Amino acid sequence: VGKTTIMKHVHNRLLKEDKFKKLIWATVSQDFDVRRLQNDIASQLEKTLSDDKNTTIRAGELLEMLRKQGSFLLILDDVWSSFSFEDVGILEPTTDNGCKLVLTTRSAKVVREMDCKKVQVPYLLTDEAMQLFLSKVGQDMLPNPNLESIMKDVVCECGGLPLAFKVLG
């Protein structure tokens, strides 16, 4: 429903502010791998983790890197299944450390299991969906009455999901 796009806008807006010492973006994906996520986070801190060590030791090292970082915002995009922040080495955000964690997921189950606050992104309304679809297909298609009927059917089939309109457009 545009979760990643919304988070990109939030990320870019926060880059202009001095609210956090560091903004970290990591895409988790369906094929979740602890070591890859650890490496992604460490590289954005301009650090490296040893490939020789097991994930538990690496988690401790990453945790220490994040602690030393000061306030940060960590965006975990495209989370498909729950995992332990501790196992990865992600510092628990508290009011004292000024750190924040945001994750995007399609699954309410993941939100519950990871004990996160749910913020639901609504589907596009039909008019908004049609405008987005037309912006991808091209406004010059609209004068054709045959195409307009087909486009309305497509908009209904896509169920208000922006990514579907972008792909089909």
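Q: Which residues does Gln38 touch, not counting residues up to four places away in sequence?
A: In this predicted model, Gln38 lies in helix α2, residues 34-44. Leaving out residues up to four places away in sequence, the residues Gln38 touches are Leu49, Thr55, Arg58, Ala59, Leu62, Asp87 and Val88.

Q: Is Gln38 buried or exposed?
A: Buried means under 20% relative accessible area. The relative accessible area of Gln38 is 0%, so Gln38 counts as buried.

Q: Which residue has its backbone oxygen 3.0 Å from a polar atom of the side chain of Gln38?
A: Asp87 and Val88 are among the residues that Gln38 touches. The backbone oxygen at 3.0 Å from a polar atom of the Gln38 side chain belongs to Val88.

Q: With which side chain does the side chain of Ser82 make a polar contact?
A: The polar contact from the Ser82 side chain, at 2.6 Å, is with the side chain of Glu113.

Q: What is the relative accessible area of Ser82?
A: Partly exposed covers the range between the buried limit of 20% and the exposed limit of 50%. Ser82 is partly exposed because its relative accessible area is 30%.

Conventions
Residues are numbered from 1 along each chain as its sequence is written. This is a predicted model: local features need pLDDT of at least 70, side-chain atom pairs count only at pLDDT 80 or more; totals for chains, interfaces and linings use all residues. Side-chain values use heavy atoms; hydrogens and water are left out. Buried means under 20% relative accessible area, exposed over 50%, partly exposed in between (1.4 Å probe, protein chains only). A polar contact is a pair of N or O atoms within 3.5 Å; within protein, one must be able to donate a hydrogen and the other to accept it, and residues adjacent in sequence count only if both atoms are side-chain atoms. Helices (H or I, at least four residues) and strands (E, at least two) are DSSP runs, numbered from the N terminus. Contact means heavy atoms within 4.5 Å.
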